[in-house]
Amino acid sequence: MDIFDKVVNNMGALGQFADVGYGYYFFPKLEGEISNHMKFRGQDMLVWSLNNYLGLANHPEVRQADAEAAAKYGMGSPMGARMMSGQTVHHEQLEQELASFEHKEAAYLLNFGYMGMISIIDSLVDRHDVVVYDSEAHACILDGLRMILSKRFVYPHNDMEKFETQLKRARKLADQTGGGILVITEGVYGMAGDCGNLRGILQLKEKYGFRLLIDDAHGFGTMGETGAGTSQDQDVMDQVDVYFGTFAKAMAGIGAFVASEKRIVKSLAFNMRSQIYAKSLPMPMVIGSLKRLELIRNKPELKDKLWTIVSALQAGLKSNGFDLGKTQSPVTPVYLKGGVGEGTQIVADLRKNYGIFCSLVSYPVVPKGVLMLRLIPTAAHTLADVEYTIKAFSEVKEKLDAGKYSSGIVPPVADKY
Ligand SMILES: Cc1ncc(COP(=O)(O)O)c(C=O)c1O
């Protein structure tokens, strides 16, 4: 079998839809500056799909800092990996500021959150260690686990009883191998919006002796009193051993960081292969991130505005009979009953007739017969956006209940790949 024939014949779980919804459900092109209102296929859209939580993507001070740094240094600077020729005082300054923001001794920048997380896991554990992790962990955690030779025990999402069962097994095994235990959870779960039960997990820390790594991609900047994240929100910052945040969401940039004790960050810097063998974060992103962090620290009104929108949207949807599941964060999943066909029709109706752009999540991410429309409220939205959306969603739900979306998958409205 030729490799090319094989991959073309089996396009994979998502690839099988490549020619059905290309440019519409998959790879849609949102145009214009990042904001609550953008264009899609020439039509104005109220956008609820971007993790621009604090509205920083288009904040004038951020735009200016990014532009000035790009003009001064270019996008190519610095050249090379941190360890060889890519180190600058700006990278170090950002790390110090992130560490202090997270109440940790030290931090290290990662050129991509996804790759960074893989390397954090790879650097922390070896074949003698045991990893215990949540079943809904993000792909970057799962892919990190695929790399390592450690034994792994998964527990059902946030199920503290089963978590302890797995910890018992992990402790027994680690005692046999002479290894340690690493527990991994997310801060905010990006699909359902609920939070990792950090307090519950940490209650067992002393008994079983483990280190805790949290992926707080969606919590950084959005959760906790100062925006330091889910660990701050649950008042356990000191007990989280390794904190991971990305710049791709509340910071509206690219890149990420890991924060921990100084001795651990030192070890990570000398062992994370995705950072040692890849280029350093570009200077405009580093200098732009310093500006973003400054705004997060000095303009709490951005987070307040985010939460005003979150509260209005979530309370309004709930009082109109919508099921938002267990969300405890800005992530707002709206659960409906229906199959993929109905889901595509709802999305098409929302976009064409209401000018609302949001993401659809269907089986296998959610159970069969369940649809999730995922809304991401941000500080860039207005209460008028919220009111309009609740009204539109109520009309859509009425149509769904009346069986108006039952005629199958909306035919390809889009281009072919
Ligand atoms: C929970 C979680 N972890 C990690 C990542 C990866 O971060 P990055 O986009 O910086 O690679 C994401 C999202 O993109 C995420 O949602």
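Colleague: Before I start, what do I need to know about the model and the numbering?
Modeller: It's a predicted model, where local features need pLDDT of at least 70 and side-chain atom pairs count only at pLDDT 80 or more, while totals for chains, interfaces and linings use all residues. Residues are numbered from 1 along each chain as its sequence is written.

Colleague: OK, which domains does the protein have?
Modeller: Domain 1 covers 15–53 + 300–401, and domain 2 covers 60–298. Those bounds come from an automatic or database domain assignment.

Colleague: And how far apart are their C-alpha centres?
Modeller: The centres of domain 1 and domain 2 lie 28 Å apart. As for touching, 17 residues of domain 1 are in contact with 18 of domain 2 (in contact: C-beta atoms, placed from the backbone, within 7 Å).

Colleague: What gives the most to the domain 1 side?
Modeller: That's α14, with three residues. Both α14 (300–319) and β11 (332–337) supply at least two residues each to that side. Helices (H or I, at least four residues) and strands (E, at least two) are DSSP runs, numbered from the N terminus.

Colleague: Switching to the ligand, how many residues surround it?
Modeller: There are 13, and the closest are G113, Y114, A217, T246 and A248. "Near" here takes a C-beta atom, placed from the backbone, within 6 Å of the molecule.

Colleague: What classes are they?
Modeller: Seven nonpolar, four polar and two charged. Ala, Val, Leu, Ile, Met, Phe, Trp, Tyr, Cys and Pro count as nonpolar, Asp, Glu, Lys and Arg as charged, and the others, Gly among them, as polar.

Colleague: Where does the largest share of that shell come from?
Modeller: From α5, which gives three residues.

Colleague: Is α5 largely enclosed or open, and why?
Modeller: Largely enclosed by the rest of the structure, because nine of its 12 residues are buried. Among them are G113, M117 and L124. Buried means 20 or more other C-beta atoms within 10 Å of the residue's own, exposed means 12 or fewer, and partly exposed is in between, with C-beta atoms placed from the backbone.

Colleague: Last topic, what's the strand order in the four-strand sheet?
Modeller: The open sheet runs β1-β2-β3-β12, with mixed pairing. The edge strands, β1 (30–31) and β12 (356–357), each pair on one side only. Two strands pair if DSSP finds at least two bridges between them.

Colleague: How do β1 and β2 pair?
Modeller: β1 and β2 (residues 37–40) are antiparallel, over two bridges. E31 has K39 in β2 as its bridge partner.

Technical notes: Two residues are in contact if their C-beta atoms, placed from the backbone, lie within 7 Å.
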